[in-house]
Amino acid sequence: MSAVSLTNIVKRFGDFTAVHKMSLDIAEGSFVTLLGPSGCGKTTTLRMIAGLLDPSEGEIAIKGKRVNDVPIHKRNLGLVFQNYALFPHKTVADNVAFGLKYRNIDKDEMRRKVAEALELVQLPDLGGRYPKELSGGQQQRIALARAIVIEPDVLLLDEPLSALDANLREDMRVELKRIQQRIGVTTVFVTHDQTEALAMSDQIIVMSKGRVEQVGAPEEVYNTPASEFVAQFLGASNLLPARCTDVSGGEVALELPGFPSFAIPAARAPQVSAAGPVRLVIRAEKLHLTRPGAEAGDGLSVDATVENVDYQGQSARYFLKVAEHQMQAVNMIDERPFATGEQVSLRFRARDCAALPAGSNA
Amino acid sequence: MGWRLIRAYTVLVYLFMFLPIAVVVLLSFNANQFGSFPMTGLSTRWFETLWQNEAIMRAFRTSILLGLMTAGVSTVLGVLASLALVRYAIPGRNLITTLLIAPILVPEVVLAVALLLFLNFLNIGKSFTLLLMGHVIFTLPFVILVVQARLVSIRRDVEEAALSLGASPTQTFFSITLPLLMPAVAAGGLFAFTISFDDITGTLFWKPGGIETVPTQIFSMLRNSISPEINALGTVIIVLTVGLPLIGAAVARKLATKSGG
C-alpha cells in the first residue's frame, strides 16, 4: 500500500492549468522529491496533498484512504515551510507542543515528546526561547521538530532549505536526511535545487509546466534523462543533434558531424527504437580534456578548441567548439587549467552518452 | 530670515491650537466662581461640584457605557470584516472595503440626517440601540483600517502550519490569528471608544429624549451659562481622550515587541 497516491490529479486556476493529469504512488517510508523550476506545479501538488488546495479533478489517498474531502487539520500531516512559519508569540517548547494539544496526550507525555523532538533536532536547550531569538537554521530545525512530534503519516517539506545560506543549507540537508531515516517517515520534498534532490531522494519526480517529465531514482534520472528538459535541468548537459543509423544487438549506432561514428548501449536510449534524427546527451563532467597527442584511452576522441574558461578553483568549466557544435565540459584542474584558444583533444566514453528522440523537448 | 519667520509662524499655529485647551485646563482649577482671568487661587472645587452634579454624572455613565459598547461591537465586526476581506477572495472585495471606509469621508451631519430619515421611513423610533448603531457606523472604518493593515502582515503559512498540526480553523483563529492581531484589535477598540466618547454631531441627531452623553450635556449647559464646571468637565474629557490612546499605544507597542511584530 502506498503512503500517498495521486490518481489523475488535475489542478486548474481559472483558465490556467497548474497541474496536468498526474498520477503518482509514493512508497511507505520513502523520501520523494518533486523537482522543477518555479511555476512547474510542484508546490501546487504538495499543497493538494496537504489539503491546502482542492484538486480540480482526480483522487488523493493517504495510507489507502481517500482524503479529497478530509480537511487539512484531520489529515495528520507534518508540514514544513520555506519561511519556517513558527508561531512568533509562543516559545519554542509551546511551538513544538502545539500539535500535541489536539491529540489527547497527558501533560507528562507531552513534555517528554517535546524534549525528545528537540533532542532529535539537536536543540535540546532552546525550549524557553522565542522564535525571533533563534537563527534561521535553528528556526527551521524547530519547525521540523514541530512537524514530526505529532508522528505524521506523511511529512511534507516545501523548499525548507531555500531560505538558508549556502553552508548552512548543506549541513541542514545532511541533518534532514539523517532525521528522516531515523524516524522513517514518508517524506515529500519540494525543491528547485537539483543538488538537494539528487543528494536526499529515494525517488525524484521531475516536473515542468505542470507535467511530470520523469520519475526515477536519482542516478536513473541523472544518467538516463527521459527528455531534453530533464537533461538540461539536472546538471550541465550537452545536447547535440545526431542521427541514429541503426538499432540492433542492444546498441544504438549514432552519427554526428565532426565525430567518429559510435554506438551507445540501448539502455541509455530507451526511447530510440529506429533509425532517424535523435539528440545526443553528454554530461559536461563526462568530457575529459587532454593535450593533443596524449595517450589515447578506451574512449572516443575529437579535436576541440577552448573558447572560454570559467575558473572555479578545484575545477573549471570550459566552453568548447567541436566542429560546428558549442559544448561545455567541467573538469578537475590538473596543475593548470587549459587556456582560452588552446587546441585540446576531447575524450569521452560511448557508454556515458544517452540519446533522446529528436522531438522530445517538452 | 526666512527660517526665523517660519519658526515664529509655527509657534503661533501651535499656540492657536493649544492655548484654548490650556486655558480650559487652567481655569478648571480656578477658585473664583466666574470662570475667567485673573485667577484668584487654586482649587479643585469645580471637580467636586462636577462629581455632585447628578445630570453630568449620568451623562458620564451613559458616555462610558456607549463608548464601551461601541468599541466592543466595532472591534468584533471590524475583525470579522477584515478577515473576510483579507483572507478570502470575495467578489467585489475592493468595493466593499470602500463602502466600509466611506463613513470617514462623508460629512457626519449628512450621515446623521441620512440614518435618521432612513429610520423614520422604516417607522423605527430613536433609541439607545439606534445611537449605538450610529456610533458603530462611523467607528467601524477606523477599526477595519487598523486591523486590515495588521492582518496583511500576518503570514498565511503560520495559520496553515497550525491547521496542519490539527487545529481546526476556529481553534487556529483563537490560538494563532487573534493573539497576533491583538495589538491592532486593542488600538482599534481604543479609537472606537474615544471617537464615540467625544462625538456630538451624530449623537445630537440620534439620541432619544432624556438621554445625554457628556458632549451633549456640555452643549446644553453652555446654552444657559458658562459655568466653571464645564472647564472641569473639559479637563476630564481631555485627560480621557488624550490619555487613553497614549496608554493604548504604549500597551500595543509592548504587545508587538513581545510577539515579534
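These notebook entries record what I looked up in the structure.

**Entry 1: the model.** I noted that the model is predicted, that local features need pLDDT of at least 70, that side-chain atom pairs count only at pLDDT 80 or more, and that totals for chains, interfaces and linings use all residues. Residues are numbered from 1 along each chain as its sequence is written, while chains are lettered from A and ligands numbered from 1 in the order in which they are written.

**Entry 2: the contact between the chains.** I looked up the contact and found 20 residues from chain A and 17 residues from chain B. Two residues are in contact if their C-beta atoms, placed from the backbone, lie within 7 Å. On chain B, α7 (156-164) and α8 (169-197) each supply at least two residues of the side that touches chain A. The largest share of that side, 7 residues, comes from α7(B). Helices (H or I, at least four residues) and strands (E, at least two) are DSSP runs, numbered from the N terminus.

**Entry 3: strand β9 of chain A.** I then turned to β9(A), residues 203-208, which is largely enclosed by the rest of the structure because 5 of its 6 residues are buried. A residue is buried if 20 or more other C-beta atoms, placed from the backbone, lie within 10 Å of its own.

**Entry 4: the partners of β9(A).** Two strands pair if DSSP finds at least two bridges between them. I found that β3(A), residues 31-35, runs parallel to β9(A) and is joined to it by 4 bridges; A:L35 stands opposite A:V206. With β10(A), residues 211-216, β9(A) pairs in the antiparallel sense over 5 bridges, and A:M207 stands opposite A:V212. The hairpin of β9(A) and β10(A) has 2 residues between the strands, and A:K209 takes a positive phi near 50°.

Terms used. Buried ≥ 20, exposed ≤ 12 C-beta atoms within 10 Å, placed from the backbone.
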